[in-house]
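Thanks for coming. Please look at the structure on the screen while I go through it.

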Amino acid sequence: MSFGEKILDYKEEFLKDFDELLRIESVSADGNAKSREALEWMLKKAEDFGLVAKNIEGKAGHAEITAGEKVCATLTHLDVVPAGEGWDCDPFCLTVRDGKYLGRGVADDKGCALITLYCLRALKDAGIEGKNTLRAIFGTDEEVGMTDVVAYFSSEKMPDMSFTPDSEYGICSAEKGILHLEISCADQNCEILTELKGGNALNAVPDKAYALLNCTENDDHQLMRLADAKLGDFEFKYTIDGLMIICRGKAAHAAEPYLGHNAILDLVDLLASNFSLQRLGKLCTFIHTNFHLESDGTSLGIKMRDSQSGPLTACLSTINIDETGAKATIDIRYPVTFGGKELIRRIKHAAEFEDVEVKILSHTLPLCVDEEMPIIDILKSSYTEVMGKAPDMYSTGGGTYARKLGGKGVAFGPVFPGEDGRLHNSNEGLSEESFWNHAQICLEAMYRMFTAEI
């Protein structure tokens, strides 16, 4: 019997707490208040379990079992992306259906956060003598910039060994560079568009967009005919302000835009099939010219890949065109061996050609870790103990807290190969079997970190 199996003793109590945590609508894009509430809930729960808890400025915190001078840690986040559309259950509670746990945060990342807290409790209840201080660190704005862990590590020690269960299995040795951009123009110069809006998160494929048009009746009928030949799901409504076209797509994580269907690109493509780009304005011209319906950067001149981390992805995430101006955001994940400066140069060149402005919202450099560091062996052996086979090494386009760990930590779990956790999508969730397998692996890994000679 692995030590990790002891987490199963807490299953019934865990699920009650899990539902309570998911009901806190900690969407960080809406501000810090609810994320702070989730953090305070977690730290109060830690104290109820008899653990040491600490709150850092309401932005991050930890629960710990204090032992030696060396610090081992897990990092998870309590904020989530907006629910979006397409759910067939309440996104902000725990739904158990057909052998799956469903809810916003089940896989990303509240489920993992609560598991790490229960792992600390299991170690404490079992009276395990540790050699190292073991912490479960919780953040509140991972989805919108990771300023939480910057604040945390400005006052707390960087762990000597760590992992973040906020990705996939096996062990992630490389994370692509992440570039977030805003494309804008003050002088939209659009003849027929009154509004065009879509998307609600920079790191997600937009699943809905709409346009409000001031056009002729002939244009109305032509657009309807063209829509029938397009891949997008279009709805036409007549309003007091003109024709409204609503496009519905499929949400996905911006790191894997090919798993979704971009409603903004579909809508711009439909409009461009009937109107000249000059009539659609500068921003739509930039989008249609440089994206079409792509997610690999071909038309933008940035398509690339490497053997370590795979292909570049480019996701047009949000758009807002109205009488005040026009803005769109882009999420780009680029290979670890490519330079970000050259990427930015190419994009600015394309923007200059279409007379739009480019603003860098954030730029996170790629991560490549040493596969010989001690935490890798601990995670490999923990996974093997529970699953009966060794985990693979892999790379990801996702951005995790591993980037903030000074080369002393990696991403590890919770989504198993072949399972779609529907991260940043409707009906996010994991199978019950996968969820509890991950819980056992997590406890086994935390037990081994706690008792290791470092």
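I start with a term: a residue is buried if its relative accessible area is under 20%, exposed if over 50%, and partly exposed in between, with a 1.4 Å probe and protein chains only. By that rule Phe435 is buried, with a relative accessible area of 2%. Trp436, at 4% relative accessibility, counts as buried too.

Some ground rules. What you see is a predicted model, in which local features need pLDDT of at least 70 and side-chain atom pairs count only at pLDDT 80 or more, while totals for chains, interfaces and linings use all residues. Residues are numbered from 1 along each chain as its sequence is written, and side-chain values use heavy atoms, with hydrogens and water left out.

Now the whole chain. The protein chain has 11 helices and 24 strands; these are DSSP runs, H or I of at least four residues for helices and E of at least two for strands, numbered from the N terminus. The C-alpha trace spans about 75 × 45 × 40 Å along its principal axes.

Of the 454 residues, 59% are buried. The accessible surface comes to about 18,100 Å², and carbon and sulfur atoms account for 46% of that surface. Those areas come from the Shrake-Rupley method with a 1.4 Å probe, and for residues only the protein chains shown count as cover.

Next, contacts, meaning heavy atoms within 4.5 Å. Taking contacts between residues at least 6 apart in sequence, 77% join residues at least 24 apart.

On charge, there are 46 positive and 73 negative side chains. Lys and Arg count as positive and Asp and Glu as negative, with His and the chain ends not counted. The centres of the two sets lie 2 Å apart, the place of a charge being NZ of Lys, CZ of Arg, CG of Asp or CD of Glu.

Let me turn to the rings. Rings of Phe, Tyr and Trp (its six-membered ring) pair if their centres lie within 6.5 Å; planes under 30 degrees apart count as stacked, over 60 as edge-to-face and the rest as tilted. The structure holds 16 aromatic pairs. In one of them, Phe3 and Tyr447 have ring centres 4.6 Å apart and planes at 15°, so the pair is stacked. Phe3 lies in the segment before α1 (11-22) and Tyr447 in helix α11 (residues 432-451), so this pair ties together parts that are 444 residues apart in sequence. Phe3 counts as buried at 10% relative accessibility, whereas Tyr447 is partly exposed at 26%.

Back to Phe435 and Trp436: how are their rings arranged? The centres are 5.5 Å apart and the planes at 75°, so the pair is edge-to-face. Ring pairs also link these two residues into a cluster with Tyr10, Phe14, Phe18, Phe49, Tyr101 and Tyr118.

Now a residue in a loop. Val80 sits between β3 (71-77) and β4 (95-97), and Val80 is buried, with a relative accessible area of 1%. Leaving aside neighbours within four places in sequence, Val80 is in contact with residues including Ser26, Phe92, Arg104, Asp108 and Glu143.

Asp109 is in the loop between β5 (100-102) and α3 (110-125). Another cis peptide bond joins Tyr169 and Gly170, with omega about 0°, and Gly170 lies in the loop between β8 (167-168) and β9 (171-175).

Which backbone angle stands out at Asp98? Asp98 has a positive phi of about 55° although it is not a glycine. Asp98 lies in the loop between β4 and β5 and counts as exposed at 76% relative accessibility. Asn427, not a glycine either, has a positive phi of about 55°, but Asn427 is buried, with a relative accessible area of 14%. Its loop runs between β23 (414-415) and β24 (429-431).

Last, Gly281. Gly281 is in the loop between α7 (277-280) and α8 (282-290) and is buried at 3%. The C-alpha atoms of Gly281 and Asp306 are separated by 36 Å, at 25 residues apart along the chain.
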